[in-house]
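Colleague: Hi! Could you walk me through this one? I'd like to start with a loop residue.

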Amino acid sequence: MSDKPSVLFVCVHNAGRSQMAAGWLRHLAGDTVEVRSAGSAPADRVNPAAVEVMREVGIDITTQVPKLLDWETAEASDVIVTMGCGDSCPVFPGKRYEDWQLDDPAGQGVDAVRPIRDEIRTRVEKLLAELAAGRSAG
C-alpha cells in the first residue's frame with residue numbers, strides 16, 4: 001500500500017450509495033486517502049435525495065458526476081467496496097474487497113435515505129480506522 005491508500009466505492013448507478021460513501025470518506029479522511037467512486041451502469045446525475053441528506057450533515061456532493069467503472073480506476077485502487085451490484089461489478093485480482101449490503105436509495109425520499117446515509121458513515125469510519133491501523137503497522 002502506498003503512502004496514501006486509495007478506496008474505490010462501486011455501485012450500479014454511482015448515484016446514491018457510492019456517492020454518499022465517497023462524500024463521507026472525503027469528509028472524514030481529508031487528504032489522507034484518495035477517494036474514488038464509479039458504477040457499472042452510471043446514471044446521468046447523483047440521486048437528489050442523496051444530495052439532500054448529505055447536505056443535512058454539511059457534506060456537499062453536488063459537484064459529483066456518476067462515472068463508469070473502468071479497469072484503470074480499479075487497478076489503481078487499494079480497496080474496492082461494492083454496494084449492491086452483485087455480478088455486475090467486475091472482480092479485479094489482487095485487490096482488497098468489501099461488499100456492503102445496503103438498501104438502495106433509488107426512488108426513495110429523504111426519510112428513507114437518512115438511515116442509509118448513517119449506516120454508510122458507520123462503515124466508512126470503520127474502514128478509515130482499518131486503513132489507519134494498516135498504515136501504522138506497515
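Modeller: Happy to, and keep in mind that this is a predicted model. Let's begin with asparagine 14, which has a relative accessible area of 0% and therefore counts as buried, the cut-off being under 20%.

Colleague: Where does asparagine 14 lie?

Modeller: Asparagine 14 sits in the loop between β1 and α1. Its phi is near 50°, a positive value in a residue other than glycine.

Colleague: And what about arginine 17, buried or exposed?

Modeller: Arginine 17 counts as buried, because its relative accessibility is 7%. Its place is in helix α1.

Colleague: Which residues is arginine 17 in contact with, leaving aside neighbours within four places in sequence?

Modeller: The contacts of arginine 17 beyond those neighbours include Asp103 and Asp104, as well as Cys11, Met83, Gly84, Leu102 and Pro105. Ile116 and Ile120 are also among them.

Colleague: Okay, strands now. In which sense do β1 and β2 pair, parallel or antiparallel?

Modeller: Strand β1, residues 6-11, pairs with β2 in the parallel sense, over six bridges. Within this pairing, serine 6 stands opposite glutamate 34 in β2.

Colleague: How does the chain cross from β1 to β2?

Modeller: The chain goes through helix α1, residues 17-29, and this β-α-β crossover is right-handed.

Colleague: How many residues of β2 are buried?

Modeller: Five of the six residues in β2, which spans residues 34-39, are buried, so the strand is mostly covered.

Colleague: Switching topic: how many aromatic pairs does the structure hold?

Modeller: There is one aromatic pair. The ring centres of phenylalanine 9 and tryptophan 100 are 5.8 Å apart.

Colleague: Nice. Last one: which residues of helix α2 are buried?

Modeller: In α2, residues 48-56, the buried ones include Ala49, Ala50 and Val51, along with Val53 and Met54.

Colleague: What happens at the start of α2?

Modeller: There, a side-chain oxygen of asparagine 47 reaches to within 2.7 Å of the backbone nitrogen of alanine 49. Just after α2, glycine 58 takes a positive phi of about 80°.

Definitions and conventions: Residues numbered from 1 in each chain as written. Predicted model: local features only at pLDDT ≥ 70, side-chain atom pairs only at ≥ 80, totals over all residues. Heavy atoms only, no water. Buried < 20%, exposed > 50% of the residue type's maximum accessible area, 1.4 Å probe, protein only. Helix = DSSP H or I, 4+ residues; strand = E, 2+ residues; numbered from the N terminus. Pairing = 2+ DSSP bridges. Right-handed = clockwise from strand over helix to strand, strands pointing away. Phe/Tyr/Trp six-rings, centres within 6.5 Å; stacked < 30°, edge-to-face > 60°. Polar contact = N/O pair within 3.5 Å; in protein donor to acceptor, adjacent residues only side chain to side chain. Contact = heavy atoms within 4.5 Å.
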